[in-house]
Amino acid sequence: MEFASKLLEKAVQEVSQLPGIGKRTALRLVLHLLKQPKEQTIYLTQALQNMREDIKFCSQCHNISDTTLCEICANNNRDGGLLCVVEDIRDVMAIESTNQFKGKYHVLGGKISPIDGIGPGQLHISTLVDKVKTGAIREVIFALSSTIEGDTTNFYIYRQIKDLPVKTSTIARGISVGDELEYADEVTLGRSIVNRIPFENTMKSN
């Protein structure tokens, strides 16, 4: 792809590094910005810069937040004894959109994947176990994607907490095996949360 401007080429190169954005799509986006008033591009770059510099991670659940404690953890109307374990912040957003879950979350920051060099120590598993050890959690809901990596992560965490006085469950398999949680429609995901099943049952069926 030939560029008439090195500045344009550099902009396209940077945009094309975003997930799912090829060079042709990046070029369309950059050319679109060039057609817009200069102020609009300034607003965009300022918003991205502010996000990168000022965004925080919740000290309790590791969700993204504008403050030290996210709105969900700070909400006393949420059921603090019901803890939903998810891979990342996109899963929190997906579950929240169903309006079916009134507990709180714990964001792992990924899933165990040896092939990608991700082990338990690189995830927020130890803080999850510490929460359960306090005795304040009565049920842990595993809401990880139904992939081999997701199931491996579920089982690893289960082994860490199985001797503690806490119920463990997992979302019902209305989510297709191999699917990522964020791509499930709201109705299916909502039903999977409501109709969750004991985690032990999933091991018996394997």
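A: Helices are runs that DSSP labels H or I over at least four residues, while strands are runs labelled E over at least two, and both are numbered from the N terminus. This is a predicted model, in which local features need a pLDDT of at least 70 and side-chain atom pairs count only at pLDDT 80 or more, whereas totals for chains, interfaces and linings use all residues. Residues are numbered from 1 along each chain as its sequence is written, and side-chain values use heavy atoms, with hydrogens and water left out.

A residue is called buried when its relative accessible area is under 20%, exposed when it is over 50%, and partly exposed in between, using a 1.4 Å probe and protein chains only. Lys 23 counts as partly exposed because its relative accessibility is 47%. A contact means that heavy atoms lie within 4.5 Å, and when residues up to four places away in sequence are not counted, Lys 23 touches Met 1, Val 12 and Ser 16.

A salt bridge is a side-chain nitrogen of Lys or Arg within 4 Å of a carboxyl oxygen of Asp or Glu, and a search of the whole structure finds 7 of them. One of these joins the side chains of Glu 14 and Lys 10, at 3.0 Å from N to O. Both residues belong to helix H1 (residues 6-15), where they are 4 residues apart, about one turn of the helix. Glu 14 is partly exposed because its relative accessible area is 39%, and Lys 10 is also counted as partly exposed, at 45% relative accessibility.

Another salt bridge is formed by Glu 96 with Arg 78, whose closest N and O atoms are 2.8 Å apart. This pair links distant parts of the chain, since Glu 96 is in helix H5 (residues 89-96) and Arg 78 is in the loop between helix H4 (71-74) and strand E3 (79-86), 18 residues apart. Glu 96 counts as partly exposed at 25% relative accessibility, whereas Arg 78 counts as buried at 14%.

In a further salt bridge, between Arg 90 and Asp 88, the closest N and O atoms are 2.7 Å apart. Arg 90 is partly exposed, with a relative accessible area of 43%, whereas Asp 88 counts as buried because its relative accessibility is 18%.

Patches are made of residues with over 30% relative accessible area and no salt bridge, and like charges are joined within 9 Å, while nonpolar side chains (Val, Leu, Ile, Met, Phe, Trp, Tyr) are joined within 5 Å. Lys and Arg count as positive and Asp and Glu as negative, with His and the chain ends not counted, and the place of a charge is taken as NZ of Lys, CZ of Arg, CG of Asp or CD of Glu. By these rules, Glu 53, Asp 54, Asp 66 and Glu 71 form a patch of negative charge on the surface. Glu 53 is found in helix H3 (residues 38-54), and it is exposed because its relative accessible area is 56%.

The surface also has a nonpolar patch, made of Leu 44, Leu 48, Met 51, Ile 55, Phe 57 and Ile 64, which together have about 530 Å² of accessible area. Accessible areas come from the Shrake-Rupley method with a 1.4 Å probe, and for residues only the protein chains shown count as cover. H3 gives the most to the nonpolar patch, with 3 residues. Ile 55 lies in the loop between H3 and strand E1 (56-57), and it is partly exposed, with a relative accessible area of 31%.

These details belong to a chain with 9 helices and 7 strands, in which buried residues make up 37% of the 206 residues. The accessible surface of the chain comes to about 12,700 Å², and 53% of this belongs to carbon and sulfur atoms.
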